[in-house]
Structures are given as C-alpha cells and as structure tokens.
Amino acid sequence: MSLSKAPKAKNPAELDWSNLGFTYMNLPYRYRAYWRDGEWRDAGLTEDATITINEGSTSLHYGQEVFEGLKAYRCKDGSINLFRPDQNAQRMQNSCERLMMPKVPTEMFISALKSVVKANEEYIPPYGTGGTLYLRPYLIGVGGNIGVHPAEEYIFSIFAMPVGNYFKGGLTPTNFIASEYDRAAHKGTGASKVGGNYAASLFPGQLAHDAGFSDCIYLDPINHQKIEEVGSANFFGITKDGKFVTPKSPSILPSVTKFSLLYLAEHNFGMETEQGDIYIDQLDHFAEAGACGTAAVISPIGGFQYGDHFHVFYSKTEVGPVTRKLYDELTGIQFGDVKAPEGWIEKV
Ligand code: PLP
Ligand code: COI
C-alpha cells in the first residue's frame, strides 16, 4: 500500500489560472540529487513524485530538514523570471549550517531551479492572471541512523506548482490574532527555514483559523510584547510619518521579500526605513501594516486581535496607499514590467 500517491495534475488547459489558491499539484517533473561519500551525485529530473527512504532517517525522527520557497514569473514578452534565487540559495546554505547538513552550491541550486521550470513550463500561469509557478526546494537527512547525530546521506529535491493567493484576501485586508504560543525560541531555529518551525506553527495556526482569522501573529518569545512574524510571512508597518518599519529579532526568518521591500522603500520611494522593535501597545504609531513573503507577496493586515483589543491599522476592507505602492513596485519588478535593481532577476 502507498499512502503518498497524489493524482497527476490536471492538464494545463483545464486549469483556472486566475483562481489557483495555494495547493499541492503533482506536476510532470521534479529535480533530485543525492549526497553520498561527501559529494552530490545522480542529479537530474524525475517523474516520480514519491521518495523511498530508510526508516531510521534523521529527517523523520529529528527534523533534519531544510526547505526554501521562491517563484517563477511569466512576463509580458513570454520570457520567464526568477526573483533573487541567489538569496534563497544563500539562506538554504545558512539553514544547512544550523542543522549540520551539506550545502547545495548556489550555481547548482539555480541551474536545478531552471531545469524544473523549463520541464514544467506549460504550468507557469500566463502573464496577467496574477498566478506564478511556486518552487519548493528541500533537503532531507536520510539513511539508517537512530542516534541523535547528523545523517551521512541526503536528498535534495525541487518540485513546482502553479499558485495564486496564499491568504484568501489577496490585496484585500484580512484579520490576524496574536498567538499565545511561539514558533521558535529566541536563539533557536527561527532564523532558519527548517521543518520544525512549521510543525510548531500548525496548532497555533489552526486555533487562529478556527477563531475566524487568516493566521496568527507570533510575538517575541521572551516577553510576548513585540510583533515578530505573521504566520509564514514577515511583518511590516508604515508609521504615520511614512517610515517603513519591520521587526528585528534572531527568531524570525530573514525574508527575501522583506529585504527587497526595505531596499525599494528607501531607494525607489525615498522612505526612511528601520528594522527595530514593534510593541503591541504602540500600534497607534502605524498607519498601515502588512505581511510579506514569497507566498504571501504583500498581504495587508486589516485588524489585529491581541487579548481583548482589536486594532485596525488602515481599514478592514481597503488596502492602504503605501502598501499598494510597494505591492505594485515589487510585483512589477517580479513580472518584468518595472526595472529591477542590478542582479535581482535571473532569466530562465
Ligand atoms: N517568515 C516565514 C516563517 C516564512 O515561512 C516565510 C516564507 O518563506 C517568510 C517569512 C517570507 O520569506 P521570503 O520573503 O523569503 O519568502
Ligand atoms: C514561502 O513564502 O515561500 C513560504 O515558504 C511559506 C510557506 C510555508 C507556505
């Protein structure tokens, strides 16, 4: 019996590109490479969506797993853009260091991404539909181990799927609630993109959904007084005097989108920017707020529930003007309509 068979994705002609949501699809091809005896070997594309590994694998017992998320964009002229894939390669290398895993060199990471995009090209949503091809690289420790120590063998793989909005609202604001739980400890693994952080987020995320919110907002794990993450995205706020502010903490994921917005706010819009503390009792300083990330893109935060308070940032129904301006600039660059800063776009 196999519990992991997923039906093949529908024919691209049958997909509703403008209403994709964020759901797994079993596309024709994925990339695999195997680490054994100190080197990557047997790298290439496969049609097999399943992986058979030893029952003693460290990824199964001790969470020795890292992953990434980035997108391929179909441009108006038909060409295909990857957005800052070198940054994802670097972050995965940092995550690997934290979990004592072999690194995937940047060049190998980017050429593997391109091979997956090309092989599944007909699943890239057409320009203008708002859809993108989401790419999920991951690396797992495998082999017959049981002691708590790093594996000797690893599998690196990348699969893809066409996606639309991650949070249902898209650019319409949705509401979030502060979690009583933490996704990561102060000096734990929050800054690494590792499966364990997401396992820890499942229960608080479900509580938030059950209470009618899009997701939960995690507060600093030491005192629960400062905003840290918005589910699987970083937080940003625009102060009433027009500053772009985003939290600084060792337990949040260094978001490629966040760093890109910090750059664009400063260089393209001349805004003051700051990475600092965002206290939940000082939210009145902010005129707008949002979540940012590859999957979330920029998702405006309408209301934020913490304890008995319900704080509305800009509006419960309308996206604020600065958030919209940043969204247009970022997505314009990603889809090739706006000139990108040097090195941000990798053509497939
Ligand atoms: N924070 C968390 C916990 C995430 O999972 C993600 C998604 O990758 C982000 C932030 C946003 O990071 P990025 O902009 O690099 O996708
Ligand atoms: C991404 O934005 O790429 C993420 O990894 C979020 C994901 C956990 C859904």
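A residue is counted as near a molecule if its C-beta atom, placed from the backbone, lies within 6 Å of that molecule. The model is a predicted one. By this cut-off, the residues around ligand 1 are Gly69, Glu229, Ser232, Ala233, Asn234, Leu253, Ser255, Val256, Thr257, Lys258, Gly293 and Thr294. Two elements, β11 (233-239) and α5 (256-267), each give two or more residues to this shell. Helix α5 gives the most, with three residues. By type, the shell around ligand 1 holds three nonpolar, seven polar and two charged residues.

Ligand 2 has its own surroundings. Gly69, Ser232, Gly293, Thr294 and Ala295 lie around ligand 2. Four residues of this shell are polar and one is nonpolar, with no charged residue.

The overall fold comes next. The protein has six helices and 17 strands. Its radius of gyration is 20 Å, close to the 20 Å given by the globule rule for 348 residues, so the protein is as compact as a globular protein of that length. Along the principal axes, the C-alpha atoms fill a box of roughly 55 × 50 × 40 Å. Buried residues make up 44% of the 348. Among contacts between residues at least 6 apart in sequence, 70% join residues at least 24 apart.

Helix α3 covers residues 106-119. At 1.5 Å a residue, its 14 residues should span 20 Å, and the end C-alpha atoms are 20 Å apart, which agrees. Within α3, the residues Phe109, Ala112, Leu113, Val116 and Val117 are buried. They cover an arc of only 135 degrees around the axis, which places them on the same side of α3. An α-helix has 3.6 residues a turn, so residues three or four places apart point the same way. Glu107 and Ser111 are exposed on the other side of α3. The cover over the buried residues of α3 includes strands β1 (30-36), β4 (70-74) and β5 (80-83). It also includes helix α2 (85-98) and strands β6 (132-142) and β7 (153-163).

Helix α2 gives a matching length check. Its 14 residues should span 20 Å at 1.5 Å a residue, and its end C-alpha atoms are 20 Å apart, in agreement. The buried residues of α2 are Pro85, Gln87, Asn88, Ala89, Arg91, Met92, Ser95 and Cys96. Just after α2, Met100 takes a positive phi of about 55 degrees.

Arg30 belongs to strand β1. It counts as buried because 22 C-beta neighbours lie inside 10 Å, where 20 or more are required. Beyond its neighbours within four places in sequence, Arg30 is in contact with Leu45, Thr46, Ala49, Val116, Ser157, Ile158 and Phe159. Of these, Val116 is one of the buried residues of α3. Arg30 and Ala160 are 130 residues apart along the chain, yet their C-alpha atoms are separated by 7.2 Å.

Two aspartates have positive phi values. Asp37 lies in the loop between β1 and β2 (39-46). Its phi is near 50 degrees, a positive value in a residue other than glycine. Asp37 counts as exposed because it has 7 C-beta neighbours inside 10 Å, against a limit of 12 or fewer. Asp42 is placed in strand β2. Although Asp42 is not a glycine, its phi is positive, at about 50 degrees. With 11 C-beta neighbours inside 10 Å, Asp42 also counts as exposed.

Key:
Residues are numbered from 1 along each chain as its sequence is written. Chains are lettered from A and ligands numbered from 1 in the order in which they are written. This is a predicted model: local features need pLDDT of at least 70, side-chain atom pairs count only at pLDDT 80 or more; totals for chains, interfaces and linings use all residues. Helices (H or I, at least four residues) and strands (E, at least two) are DSSP runs, numbered from the N terminus. The expected span of a helix is 1.5 Å times one less than its number of residues. The arc is that of the directions from the helix axis to the C-beta atoms. Two residues are in contact if their C-beta atoms, placed from the backbone, lie within 7 Å. Ala, Val, Leu, Ile, Met, Phe, Trp, Tyr, Cys and Pro count as nonpolar, Asp, Glu, Lys and Arg as charged, and the others, Gly among them, as polar. The radius of gyration is taken over C-alpha atoms; the globule rule is 2.2 Å times the number of residues to the power 0.38.
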